[in-house]
There are 2 protein chains.
Amino acid sequence: MLISEGHKHMAEVGLTRFSAREVAKRIGYSIGTLYNVFGSYDHFLSAVNTRTFEQWAYEVRNALSDCKGDRIQCLVENYFSFARRNRNLWRAIYEHHVPDDFVMPDEQYIQRGKLTEAVVQEVANALPPEKTDMAPRLARSLIATVHGHCTFDLSGSFSLMGLDGAVEMALERVQESLRMAGVGAQSRIAAETT
Amino acid sequence: MLISEGHKHMAEVGLTRFSAREVAKRIGYSIGTLYNVFGSYDHFLSAVNTRTFEQWAYEVRNALSDCKGDRIQCLVENYFSFARRNRNLWRAIYEHHVPDDFVMPDEQYIQRGKLTEAVVQEVANALPPEKTDMAPRLARSLIATVHGHCTFDLSGSFSLMGLDGAVEMALERVQESLRMAGVGAQSRIAAETT
DNA sequence: GACGACAATTGAACGCCGTTCAAAAATATG
DNA sequence: CATATTTTTGAACGGCGTTCAATTGTCGTC
């Protein structure tokens, strides 16, 4: 209830304008109740952001089920698509920094890793068999690559510089790295779907 | 004076805890004066962040003058080095979002582009002559790649996953893309310094 | 049903912050 | 020196995270 409404409010106003009071008020509770339930603003925000990760992981799974071509391409496109459609939510998950002594509940930690797991799996599938053990590391590095492009896309940095095609650029970079790792991504995936 | 002290305060406390009042107080002015000079908190923050870009561009130039080997590598290493040593400042420049109707003064806009210009120049120098026109686009894409790795490095995402070597991963991705673009980066630069 | 113990909720108060603006102080001009 | 203009002040406003004494609600026991 509180998390659900918090998630909605975050989607509307973003991190800077987010207000725990407003969330409590919207569902007919007082601000004190919210503190009883979550203990702190940071814990509340963390729960709201974990909700975003859940939604995202769900959408990634769907994108992969619906994927008719290159699965890595589907992943890259979904990364951008999700961020663009959920700009405030997406930013909040990367911009909310918890205090150093913050302890995240295990379920949240697990939930937040689901997206990465899915990507690791896809990268492992794309790699030649003798290179599968580099999948975890490479997958995370490629996520970082796409993330950087996505960040600049959303902030308008690319369009300020007169550049289109953030998705295409990210995909090029990803494909270049995969090719250097021995992946003939297109032909390999095509063979699997035939 | 105000920008200088604001910059220092930002370095100490980061964006979330930043206070214009505190800055004014530290140099013996009142909060009203700050509003007279800058007009708004966002304008003040923008000026503070532009200062960070200046400092960074200055450090990049120094890193390039001092560079004895692969200049692209020096750029990547400096990106991380700067961010790690100036964590609060670095985050602020990417996390402070101005309102949509915000108009940035021209000098700030120019100053913020200097870092990118330097990178574009280095990428253009590294590329084969017939591919120089792709330098602006590729350079910006590679900056995004490094930026993504740097973001995850600073947030602890990589170390949470048990991964070391964020700089090395970023550099690998950059070098893979440059190689695919026809750059034998190492041999080309070595030939120039011989 | 009455009572007591415990749990859940309330919302005012606190201190902090961005923003505003009338009053005061400082500076410039003739 | 007197007046006009500019600069600075800082209290007030409303909003926010946090706290906690008071109130309300729930449950178990007799």
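## Contacts with DNA strand D

A backbone N or O atom of A:Ala20 sits 3.4 Å from a phosphate oxygen of DNA strand D, a polar contact in the sense of a pair of N or O atoms within 3.5 Å. This is a predicted model, where local features need pLDDT of at least 70, side-chain atom pairs count only at pLDDT 80 or more, and totals for chains, interfaces and linings use all residues. Side-chain values use heavy atoms, without hydrogens and water.

Two or more residues each come from α2 (20-26) and α3 (31-38) of chain A and from α3 (31-38) of chain B; helices here are DSSP runs of H or I with at least four residues, numbered from the N terminus.

In total, 16 residues surround DNA strand D, each with a heavy atom within 4 Å of it. Among the closest are A:Arg21, A:Tyr35 and B:Asn36. The largest share, 4 residues, belongs to α3(B).

## Cysteines

Now to the sulfur atoms: there are 2 disulfides over all chains, each a pair of cysteine sulfur atoms within 2.5 Å. A:Cys67 pairs with A:Cys74 at 2.2 Å, and this link is right-handed, with 80 degrees about the S-S bond. B:Cys67 and B:Cys74 are likewise bonded, with sulfur atoms 2.2 Å apart.

Methods
Residues numbered from 1 in each chain as written. Chains lettered and ligands numbered in written order. Polar contact = N/O pair within 3.5 Å; in protein donor to acceptor, adjacent residues only side chain to side chain.
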